[in-house]
Amino acid sequence: MIRTRLILAPLLAAACLLSACTRQAPAAVPEAPSPAEPSLPVAEPTERPDGPFANTHAEKLGQGREIAETICATCHAIGPEGDSPHPDAIPFRNLSKNYPVEDLAEPLAEGIMVGHPDMPVFEFEADHIDSLLTYIESIQAPHDL
C-alpha cells in the first residue's frame, strides 16, 4: 500500500503540473479607444508622410500630392477635376480664386483654423508646407483675376 502511494503521488503531482502548464492564459482586456481629436464626420487619414523632403521640384510635387492624398482628400478634391467629398470643402484647384496659394504657408505652420466648419486643425513642418503648396499651385484652374 505504501509502495502504491509512493508511485501514485509523483504521478498525481506530474499530472497537476502538466494540467497547469497547458491552460491558456486569460485573454488581455482591450484598451478603450481614446476619443478622436478633433471629431470628424469622415475618417481621419491613417498615416502622415513624415521625414525630410528633398528639394527638387518633381519631388516636391510628388510629396505634396502624397500629403494631399493622405491628409486632405477625405474632405477636399485634390486633383484638377472632381467634386470635394465634403460639400463645404473647396477643391484645391480653386484655392487661388480667393487668395494667393502661398498665403496658406503661415496658417499651415501655425495650425490652419479656417475652412469648412468641421475642418480639423493641422500643423505642418516647413518642408511639408513647401511641398503641399508646390502641388496645390501646380493644379490651379485658370481663372480671371
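Contact means heavy atoms within 4.5 Å. This is a predicted model: local features need pLDDT of at least 70, side-chain atom pairs count only at pLDDT 80 or more, and totals for chains, interfaces and linings use all residues. Residues are numbered from 1 along each chain as its sequence is written, and side-chain values use heavy atoms, with hydrogens and water left out.

**Leu 133**
- Leu 133 sits in helix 4 (residues 126-138); helices are DSSP runs (H or I, at least four residues), numbered from the N terminus.
- Its relative accessible area is 11%, so Leu 133 is buried (under 20% is buried, over 50% exposed, in between partly exposed; 1.4 Å probe, protein chains only).
- Beyond its neighbours within four places in sequence, Leu 133 contacts Val 101, Glu 102, Leu 104, Ala 105 and Leu 108.
- Gly 64 is 69 residues away along the chain, yet the C-alpha atoms of Leu 133 and Gly 64 are 7.0 Å apart.

**Salt bridges**
- The structure has two salt bridges (a side-chain nitrogen of Lys or Arg within 4 Å of a carboxyl oxygen of Asp or Glu).
- Asp 130 pairs with Lys 60, with 2.8 Å between the closest N and O atoms.
- Asp 130 is in helix 4 and Lys 60 in helix 2 (residues 57-72), so this pair ties together parts 70 residues apart in sequence.
- Lys 60 is buried at 17% relative accessibility, while Asp 130 is partly exposed at 34%.
- Glu 69 and Arg 65 form a salt bridge at 3.0 Å, N to O.
- Glu 69 and Arg 65 are four residues apart in helix 2, about one helical turn.

Methods. Helices (H or I, at least four residues) and strands (E, at least two) are DSSP runs, numbered from the N terminus.
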